[in-house]
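Colleague: Could you put the model up and talk me through it?
Modeller: Gladly, here it is.

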Amino acid sequence: MFSPSIKHLIQEKSGSFLIPASRIAFVQDDNPLYHAFLILTKVKYSKIPVLDKDKKVVGLLSLAMITDKMLTNEEISTAPLDQLKVKDVMQTKFDKINFVETTLEAQLHLLINNAFLPVVDDRGVFQGLLTRREWIKAFNYVTHTYDKHYKSIKIK
């Protein structure tokens, strides 16, 4: 559990933790794998969320998952990309969070093993991403402002 003063400082920055869905590249589960290959190649992310038609997060997809389908013992072929859908290769077991239901401590623990966490609302609709990078930035803020904040509390 965070100390109250640390928690307060982190919560000051928590509004900036979420990268909104409107700024995130994603694919839909019924997209052809070829389309996902182009998206992942262009955006240069290692992994992106997969959404269904209702904008719910149903998986994650990486370039490695796609290239695995392109490789055989003899050659590299893009032919499977026209025949497969994103849902055929996506990762279906992954962590996601709802800000209302997930404590700061739980978020931090999940980010130890995940570079990002999809954030959903109460209906499971994709809201954006919580990234390890944003948490590290918040931690940096805390380490550089804690003494000033702590001293101002003690003086009062």
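Colleague: What kind of model is it, and how are residues numbered?
Modeller: It is a predicted model, in which local features need pLDDT of at least 70 and side-chain atom pairs count only at pLDDT 80 or more, while totals for chains, interfaces and linings use all residues. Residues are numbered from 1 along each chain as its sequence is written, and side-chain values use heavy atoms, with hydrogens and water left out.

Colleague: How many helices and strands does the chain have?
Modeller: The chain has 6 helices and 6 strands, where helices (H or I, at least four residues) and strands (E, at least two) are DSSP runs numbered from the N terminus. Along the sequence they follow the pattern α-β-β-α-β-β-α-α-α-β-β-α.

Colleague: And how much of the chain is buried?
Modeller: Of its 156 residues, 40% count as buried, a word that stands for under 20% relative accessible area, with exposed meaning over 50% and partly exposed in between (1.4 Å probe, protein chains only). Among contacts (heavy atoms within 4.5 Å) with a separation of 6 or more, 58% are between residues 24 or more positions apart.

Colleague: Which residues of helix 2 are buried?
Modeller: Leu-33, Ala-36, Phe-37 and Leu-40 are buried there. They lie on the same side of helix 2, because they cover an arc of only 105° around the axis, the arc being that of the directions from the helix axis to the C-beta atoms. As a rule, an α-helix has 3.6 residues a turn, so residues three or four places apart point the same way.

Colleague: What do they pack against?
Modeller: The buried residues of helix 2 pack against strand 2 (27–28), strand 3, strand 4, helix 3 and helix 4. Just after helix 2, Lys-44 takes a positive phi of about 60°.

Colleague: Now helix 3, which residues are buried in that one?
Modeller: In helix 3, residues 63–70, the buried ones are Met-65, Ile-66 and Met-70. Their arc around the axis is only 145°, which puts them on the same side of helix 3, and the buried residues of this helix pack against helix 2 (33–43), strand 3 (47–51), strand 4 (57–62) and helix 4 (79–83).

Colleague: Where does Lys-55 lie?
Modeller: Lys-55 lies in the loop between strand 3 and strand 4, and its phi is near 65°, a positive value in a residue other than glycine. At 40% relative accessibility, Lys-55 counts as partly exposed.

Colleague: Changing topic, which residues are closest to the centre of the largest pocket?
Modeller: Of the 15 lining residues, the closest to the centre are Ile-19, Tyr-45, Phe-116, Leu-129 and Thr-131.

Colleague: Which element gives the most to that lining?
Modeller: Strand 3 does, with 3 residues, and strand 3, strand 6 (126–131) and helix 6 (132–155) each supply at least two.

How values were computed. 1 Å grid on protein atoms, 1.4 Å probe; cavity = no way out; pocket = protein on both sides within 12 Å on 5 of 7 lines; lining within 4 Å.
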